[in-house]
Amino acid sequence: MADVRTKPSVFTEKFGVFAECLLTGVWIAVASLGVVTYPAAFAAGARHLRRRTGHVAGGWREFVADFRVAVRGGWAVGLAGWGAVAVAWVDVRAVRAGLPGGPLVGAVGLFAVIGLAVAGLRAAAVWAPGDRWRTLLAAAGRRTVLDPGGSFLLVGGAVLVVCSALLIAPLAVPVLGAVAAAAVAVEERRRRR
């Protein structure tokens, strides 16, 4: 009997992308276990999702290959990210200690960490092998400021992960893929404008 292939329905295709996002979230979580490897994990996840939405074949092996390339410079970005979190923690401690100017310093520190996280997500969303993280982050920082709508969408995605983790901790793992997909979508939206 002849092999008859039909084009998948729009629902099937969209649900397939959603399922791929959840699976990618698990891959990102596993790749982030190295603590400083989260930028490389998001970059590999975003590249995987770009391949998927572009109808280019790719799976776990391609994700791992991308992760290995991204982690070469990405570990330093991850280390700097944890340094920024430590500075924000010190700011929060200053606010709680009642130091003069503490609330202002705390607010500035919190907004800076949020801005850095958004810039990191935007940089990871456009990463490709051969790209330098410093260049990606500089351009992503500009896009973070110049595209506030997209930046707020990513902040909302991060809030979703935190709320998911607070309500049902295991749900935060697959939702990481949805955040990577949101970053890819925000960058695609900006590119098309």
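Modeller: Here is a quick tour, from the overall fold to single contacts.

Modeller: This is a predicted model, so local features need pLDDT of at least 70, side-chain atom pairs count only at pLDDT 80 or more, and totals for chains, interfaces and linings use all residues. Residues are numbered from 1 along each chain as its sequence is written, and side-chain values use heavy atoms, with hydrogens and water left out.

Biologist: OK, how many helices and strands are in the chain?

Modeller: There are 7 helices and 0 strands, giving the pattern α-α-α-α-α-α-α along the sequence. Helices (H or I, at least four residues) and strands (E, at least two) are DSSP runs, numbered from the N terminus.

Biologist: And what box do the C-alpha atoms fill?

Modeller: Roughly 80 × 35 × 35 Å, taken along the principal axes. V10 lies in helix α1.

Biologist: How much of the chain counts as buried?

Modeller: 35% of the 193 residues. Buried means under 20% relative accessible area, exposed over 50%, and partly exposed in between (1.4 Å probe, protein chains only). V10 counts as exposed because its relative accessibility is 62%.

Biologist: Which residues have the most contacts inside the largest nonpolar core?

Modeller: F42 and W133, in a core of 35 residues. The elements giving two or more residues to this core are α1, α2, α3 (60-97), α4 (102-126), α5 (133-146), α6 (148-167) and α7 (172-192). The largest share, 8 residues, comes from α7. A core here is a set of buried Ala, Val, Leu, Ile, Met, Phe, Trp, Tyr and Cys residues joined through side-chain atoms within 4.5 Å.

Biologist: What does W133 touch?

Modeller: Leaving out residues up to four places away in sequence, its partners include P39, A43, G73, V77 and W127. Contact means heavy atoms within 4.5 Å. Across the chain, residues 24 or more positions apart account for 68% of the contacts with a separation of 6 or more.

Biologist: Switching to rings, how many aromatic pairs does the count come to?

Modeller: The count comes to 5 aromatic pairs. One of them is W27 with F63, tilted, at 5.4 Å centre to centre and 45 degrees between the planes. W27 lies in helix α1 and F63 in helix α3, so the pair ties together parts that are 36 residues apart in sequence. The rule is that rings of Phe, Tyr and Trp (its six-membered ring) pair if their centres lie within 6.5 Å; planes under 30 degrees apart count as stacked, over 60 as edge-to-face and the rest as tilted.

Biologist: Are W27 and F63 buried or exposed?

Modeller: W27 is buried at 11% relative accessible area, and F63 is buried at 1%. Then there's Y38 with W82, which is edge-to-face: 6.1 Å centre to centre, 85 degrees between the planes. Y38 is in helix α2 and W82 in helix α3, so that pair ties together parts 44 residues apart in sequence.

Biologist: Which residues do ring pairs link into a cluster?

Modeller: W27, W60 and F63. W60 also belongs to a nonpolar patch on the surface, along with L23, V26, V30, L33 and V173, and together they have about 520 Å² of accessible area. Patches take residues with over 30% relative accessible area and no salt bridge, joining like charges within 9 Å and nonpolar side chains (Val, Leu, Ile, Met, Phe, Trp, Tyr) within 5 Å. Areas come from the Shrake-Rupley method with a 1.4 Å probe; for residues, only the protein chains shown count as cover.

Biologist: Last topic: how many salt bridges does the structure hold?

Modeller: It holds 10 salt bridges, each a side-chain nitrogen of Lys or Arg within 4 Å of a carboxyl oxygen of Asp or Glu. R47 and D66 form one, with the closest N and O atoms 2.7 Å apart. R47 lies in helix α2 and D66 in helix α3, so they tie together parts 19 residues apart in sequence. D66 is buried at 5% relative accessible area, while R47 is partly exposed at 24%.

Biologist: What about R189 and D147?

Modeller: Their side chains meet in a salt bridge at 3.2 Å, N to O. R189 lies in helix α7 and D147 in the loop between α5 and α6, so the pair ties together parts 42 residues apart in sequence. E187 and R190 form another, at 3.4 Å between the closest N and O atoms; both lie in helix α7, 3 residues apart, about one turn of the helix. Salt bridges that share partners join R122, R143, D147, E187, R189 and R190 into one network.
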